[in-house]
Amino acid sequence: MEKLGELQKEIEIVRKELDVVVADGVNAEKCYQTSLRLDRLIEDYMRYTKENFHLEKCG
């Protein structure tokens, strides 16, 4: 479950970073790249929770 906590922290960090980037009016490319990072982290989080749920259910 340590991995889950790490992902949650990283998601929160990048989400806050995206808020700052958008609020500061930084160029669209920076916003897009930050958004992609956040999307990948959320995908990892979802994949990790799904895999662990499946393992707990089967085990």
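Tutor: This is a predicted model. Arginine 15 and aspartate 19 both lie in helix 1, which covers residues 2-23. They are four residues apart, about one turn of the helix.

Student: What do arginine 15 and aspartate 19 form, and how far apart are the closest N and O atoms?

Tutor: They form a salt bridge, with the closest N and O atoms 3.0 Å apart.

Student: Which residues are linked with Arg15 in a network of salt bridges?

Tutor: Glu12 and Asp19 are linked with Arg15 in that network.

Student: Other topic. How many salt bridges does the structure hold?

Tutor: Four. One of them joins arginine 37 to glutamate 17, with the closest N and O atoms 2.8 Å apart. This pair links distant parts of the chain: arginine 37 is in helix 2 (residues 28-58), glutamate 17 is in helix 1, and they are 20 residues apart.

Student: Is arginine 37 buried or partly exposed?

Tutor: Arginine 37 is partly exposed, at 32% relative accessibility. Glutamate 17 counts as partly exposed at 25%.

Student: Which residue does arginine 47 form a salt bridge with?

Tutor: Aspartate 44, the closest N and O atoms being 3.0 Å apart. Both residues lie in helix 2, three residues apart, about one turn of the helix.

Student: And what are the relative accessible areas of arginine 47 and aspartate 44?

Tutor: Arginine 47 has 43%, so it is partly exposed. Aspartate 44 has 32%, so it is partly exposed.

Technical notes: Residues are numbered from 1 along each chain as its sequence is written. This is a predicted model: local features need pLDDT of at least 70, side-chain atom pairs count only at pLDDT 80 or more; totals for chains, interfaces and linings use all residues. Side-chain values use heavy atoms; hydrogens and water are left out. A salt bridge is a side-chain nitrogen of Lys or Arg within 4 Å of a carboxyl oxygen of Asp or Glu. Helices (H or I, at least four residues) and strands (E, at least two) are DSSP runs, numbered from the N terminus. Buried means under 20% relative accessible area, exposed over 50%, partly exposed in between (1.4 Å probe, protein chains only).
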